[in-house]
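Here are my notes on the model you passed along. Have a look at the structure first, then go through the points below.

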Amino acid sequence: MKAAITDDPRLAKLDLVRQKLRGVIRGKDAVIDSILTAILAGGSLLIEDVPGVGKTTLAKSIAALIDLDFGRVQCTPDLLPADILGSSIFQPATNKFEFRAGPIFCNLLIADEINRASPRTQSALLEAMAESQVTIDGECYKLNQPFLVIATQNPSGFEGTFPLPESQLDRFLLRLAMDYPDSSSEVEMLLDRTSDDPHSALKPVMNRDELIELQAMARAATVDRKVAEYLVEIVSLTRVDSRLRIGCSPRGSKMLLRAAQAHAVLRGRGFVMPDDIQAMAELTIAHRVSPRSASMPHRETAMIIRELVDQVEVPV
């Protein structure tokens with residue numbers, strides 16, 4: 001039976017997280033909801049935009065409000081994989097190598113300006129994001145749960161950037177942009193910061209165990225066969241559209257379903273509707289397809305996905 005879950009106290013806490021985030025990042029309600037959706041789905045997030053629009057502040061605020069251990073890496077061209085994963089250091093006193101864990105051993109890793117890191121360093125995150133583990137010197141280390149990455153990147157074309165390859169982009173559940181705030185929100189932001197930074201006053205309102213329970217609730221959200229067929233029909237169009245060189249893979253379909261389940265739970269439902277598929281399709285699929293024109297910006301690719309979604313008849 002399709003039942004509402006709006007009375008769940010854990011969802012009330014998540015709504016409080018949303019409200020407090022709105023007090024830190026003004027005029028970005030849709031972005032905040034997308035980020036909370038990714039967290040509920042247990043997926044990583046890529047935020048692309050120019051420096052200074054609040055990407056890192058938003059990520060740090062989430063870690064503070066959900067009481068997550070977080071690590072932060074400022075990506076630069078000279079950053080090495082060991083700077084993220086950790087390394088074994090020889091200890092003369094014991095005549096043995098001792099492993100020193102890197103910042104990736106946390107619940108939430110903030111990778112600032114990830115596309116400023118070299119491809120070799122970017123690849124250090126692949127195993128962690130796909131399997132929640134890392135292999136160092138031949139030994140496998142499991143990462144803390146929950147584990148996710150919130151990475152920020154500068155738009156392509158900025159000096160000193162290395163474009164993320166398709167395999168790296170595919171590890172991110174969602175890709176979104178912050179954009180500049182509207183004038184009214186920017187005025188409120190300036191007035192908020194005349195004394196103290198609102199981020200510094202944030203206190204946890206949810207613990208990690210409650211988040212894990214909400215993630216399990218999202219994975220258990222029911223999906224009607226007609227809704228699944230609707231999702232597959234949208235994805236199938238990306239594989240035959242003449243503007244796209246490579247369409248969305250079956251793994252992309254699975255990621256879209258995960259995002260739709262989380263989107264449903266965020267709105268107090270234990271079942272997925274076509275509306276959830278529509279809301280998450282662009283953010284989930286656009287970075288998983290390749291346009292025929294290599295110079296096509298991501299925004300135009302996202303518009304193609306939006307057009308394809310509009311072409312598919314919504315099941316009733």
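1. Start with helix 3, whose buried residues are Lys55, Thr56, Leu58, Ala59, Ser61, Ile62, Ala63 and Leu65. Buried here means under 20% relative accessible area, with exposed over 50% and partly exposed in between (1.4 Å probe, protein chains only). Helices (H or I, at least four residues) and strands (E, at least two) are DSSP runs, numbered from the N terminus. Because eight of the 11 residues of helix 3 (residues 55-65) are buried, the helix is largely enclosed by the rest of the structure.

2. Before you go further: this is a predicted model, so local features need pLDDT of at least 70 and side-chain atom pairs count only at pLDDT 80 or more, while totals for chains, interfaces and linings use all residues. Residues are numbered from 1 along each chain as its sequence is written, and side-chain values use heavy atoms, with hydrogens and water left out.

3. What do the buried residues of helix 3 pack against? Their partners are helix 1 (9-24), helix 2 (29-41), strand 1 (44-48), strand 2 (70-74), strand 5 and strand 8 (148-153). Just after helix 3, check Asp67, which takes a positive phi of about 55°.

4. Next, Glu113, which sits in the loop between strand 5 (108-112) and helix 5 (119-122). Glu113 has a relative accessible area of 18%, so this residue counts as buried. The Glu113 side chain makes a polar contact of 2.7 Å with the side chain of Gln74. (A polar contact is a pair of N or O atoms within 3.5 Å; within protein, one must be able to donate a hydrogen and the other to accept it, and residues adjacent in sequence count only if both atoms are side-chain atoms.) Setting aside neighbours within four places in sequence, Glu113 is in contact (heavy atoms within 4.5 Å) with Gln74, Cys75, Thr152, Gln153 and Asn154.

5. On cysteines: how many disulfides are there? Zero, by the rule that a disulfide is a pair of cysteine sulfur atoms within 2.5 Å.

6. Finally, helix 12 (residues 274-285) and helix 13 (residues 298-311) pack at an angle of about 145°, their axes 9 Å apart. Axes are lines fitted to C-alpha atoms, for helices over the stretch in contact, and angles run from 0 to 180 degrees between N-to-C directions. Gln278, Ala281, Glu282 and Ile285 of helix 12 meet Ala302, Ile305, Arg306 and Val309 of helix 13.
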